[in-house]
Amino acid sequence: MIPTFAVVGHPNKGKSSIVATLAEDERILIGPTPGTTRSAHRHTFSIDDQPQYVLVDTPGFQRPRAVLDWLETRSGSASDRQQLVARFVEEHGEDPRFHDECELLRPIIDGAGILYVVDGSKPYGPEYELEMQVLRWTGRPRMALINLIGSGDYVEAWRQALDQYFSIVRVFNAVQADFSRRLALLRAFAELDEDWRGALERALEALTAERRRRLERSAAEIADCLVACLTVTESSALGQAEAQQPLEANLTRRLQDRIRRREQEARDRVQSLYRHQALAREETAADLLDADIFTREGWELFGLSRAQLLVSGALSGAVAGGGVDVLLGGASLLLGAGIGALVGGAGAWFGSDELAKVKVLGQRLGGRVLRVGPVKAPNCPWVLLGRAVAHHGLVAEQNHARREVISLALTESQNFMDRLPDRLRRELAGLFRKISGGEADGEIRRTLGSLIAEALALEADQSAAGDQLPVDAG
């Protein structure tokens with residue numbers, strides 16, 4: 001038996017927002033005009049094509065007083081109330097006066113539990129008690145959700161009233177609720193009916209496992225994007241009399257465009273993993289998340305700080321120190337590791353504004369080819385990764401009732417990657433160096449994906465705790 005819940009209440013109290021959030025369905029129409037929902041709609045939440053639970057979005061009550069009067073005039077005892085509600089729907093199913101009441105009561109008669117939604121930012125009124133009395137007549141398990149739509153706070157008054165009619169009362173902001181709050185609400189659902197407990201506990205386990213899979217798949221997509229962006233090149237034949245500078249500028253623009261497109265493709269795929277295909281982004285606005293990755297502004301905001309870049313560069317240089325002896329023709333007196341660290345650090349410091357390595361390559365037939373790329377700026381992978389982490393954090397915590405364009409506001413002093421533990425940053429720096437050097441096999445991609453998954457998980461934990469990422473000594 002799949003647990004099914006009818007989401008009911010007064011018009012325009014956020015019922016559809018709650019359904020969209022819990023069903024992870026951005027297609028559900030949400031509007032400020034009362035009566036947006038005119039018919040009951042079932043929304044099944046599934047994972048890997050396995051249904052977990054069903055939510056029924058219903059119209060709001062219109063004539064609860066008339067319904068309650070009809071029921072009370074025909075009731076002989078409390079034992080006949082459920083049958084009377086079913087009889088009311090049967091007799092008035094085609095009556096336009098009671099269209100909305102019949103639509104919301106029908107799934108309850110068929111066995112759905114009740115989620116009664118009120119707006120805790122508005123005062124409690126006696127008209128709501130009529131609705132609660134009608135719902136009590138159904139005899140179905142019921143729970144009340146105090147949604148917070150506006151800025152007012154009448155939660156305590158609502159609690160006192162709702163406690164008289166519902167076994168469980170919870171405050172739940174449908175638009176602001178993150179993943180952990182969704183899980184907490186589903187755990188409360190399991191308390192409504194013993195028959196649903198097992199199914200909902202399995203749904204909670206499936207949701208948690210799916211959350212981890214989404215993070216890992218996002219990390220793999222980000223890793224693929226980084227490899228593509230760090231290895232991409234643009235080239236073109238260079239005529240004998242052709243000036244190199246204009247062609248170089250054109251190829252550089254093409255290289256930039258390819259990296260931007262690849263980054264946008266990765267963002268689209270990450271959003272798809274979280275069922276946010278239609279979620280809009282501010283790609284061209286002068287927002288920090290969308291700062292041009294090829295500008296000093298974007299690097300300073302999203303990559304390593306210069307101090308961290310110097311350390312990462314020095315570490316990478318030390319790893320490659322043995323190669324310095326060969327480059328120097330043996331004149332280094334076998335001090336390659338020390339020189340490598342010095343050169344690596346200095347290159348990171350002074351080369352952080354270099355866009356790409358430009359080469360003129362000779363061809364057998366005597367023609368020349370101008371190649372721009374791959375990107376050699378040491379900060380570029382940190383820029384791309386920082387932007388990807390920021391975007392993933394927004395998408396992962398965005399519930400499906402929120403329809404505004406996602407953006408990110410940061411102060412100029414913030415550097416995402418500086419908040420990573422030293423050990424993780426060193427391992428990433430080593431991989432970036434290998435990829436920039438042309439190594440990008442399957443093992444490197446898998447290792448990079450695993451490290452990025454760790455970074456995404458740390459960023460998620462930091463966001464949930466409101467603290468900075470932990471820093472270890474490595």
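Tutor: Let's begin with axes: they are lines fitted to C-alpha atoms, for helices over the stretch in contact, and angles run from 0 to 180 degrees between N-to-C directions. Helices (H or I, at least four residues) and strands (E, at least two) are DSSP runs, numbered from the N terminus. This is a predicted model, so local features need pLDDT of at least 70 and side-chain atom pairs count only at pLDDT 80 or more, while totals for chains, interfaces and linings use all residues. Residues are numbered from 1 along each chain as its sequence is written, and side-chain values use heavy atoms, with hydrogens and water left out.

Student: What makes helix 9 roughly parallel to helix 14?

Tutor: Helix 9 and helix 14 pack at an angle of about 25°, and their axes are 10 Å apart. Because angles under 35 degrees count as roughly parallel, over 145 as roughly antiparallel, 65 to 115 as roughly perpendicular and the rest as oblique, helix 9 is roughly parallel to helix 14.

Student: Which residues of helix 9 and helix 14 meet?

Tutor: Contact means heavy atoms within 4.5 Å. On the helix 9 side you have Ile259, Glu263, Arg267, Val270 and Gln271, and they meet Leu384, Arg387, His391, His392 and Val395 of helix 14. Sorted by class, that contact has 4 nonpolar, 3 polar and 3 charged residues (Ala, Val, Leu, Ile, Met, Phe, Trp, Tyr, Cys and Pro are nonpolar, Asp, Glu, Lys and Arg charged, and the others, Gly among them, polar).

Student: And why is helix 2 called oblique to helix 3?

Tutor: Helix 2 (residues 64–74) and helix 3 (residues 81–92) have axes 10 Å apart and pack at about 120°. That angle falls into "the rest", so helix 2 is oblique to helix 3. Their crossing is right-handed. Trp70 of helix 2 and Phe88 of helix 3 are among the residues that make the contact, which by class has 6 nonpolar, 1 polar and 3 charged residues.

Student: How many cavities of 30 Å³ or more are there?

Tutor: The count is 3. A cavity is a set of points on a 1 Å grid, over the protein atoms alone, where a 1.4 Å probe fits but cannot get out, and lining residues have an atom within 4 Å of a point. Points are joined across faces, edges and corners, and the volume is the space filled by probe spheres set on them. The largest cavity comes to about 110 Å³. Its lining includes Cys225, Glu263, Val270, Leu384 and His391. Helix 8 (194–231), helix 9 (244–273) and helix 14 (380–397) are the elements that give two or more residues to that lining.

Student: What makes proline 374 and glutamate 24 worth a look?

Tutor: Most residues other than glycine have a negative phi, and most peptide bonds are trans. The bond from glycine 373 to proline 374 is cis, with omega near 0°, and proline 374 sits in strand 9 (residues 368–375). Glutamate 24 has a positive phi, near 50°, in the loop between helix 1 (15–23) and strand 2 (41–47).

Technical notes: On a 1 Å grid over the protein atoms alone, a cavity is a set of points where a 1.4 Å probe fits but cannot get out, and a pocket is an open set with protein on both sides within 12 Å along at least five of seven lines; lining residues have an atom within 4 Å of a point. A crossing is left-handed if the near helix is turned anticlockwise from the far one by less than a right angle, and right-handed if clockwise.
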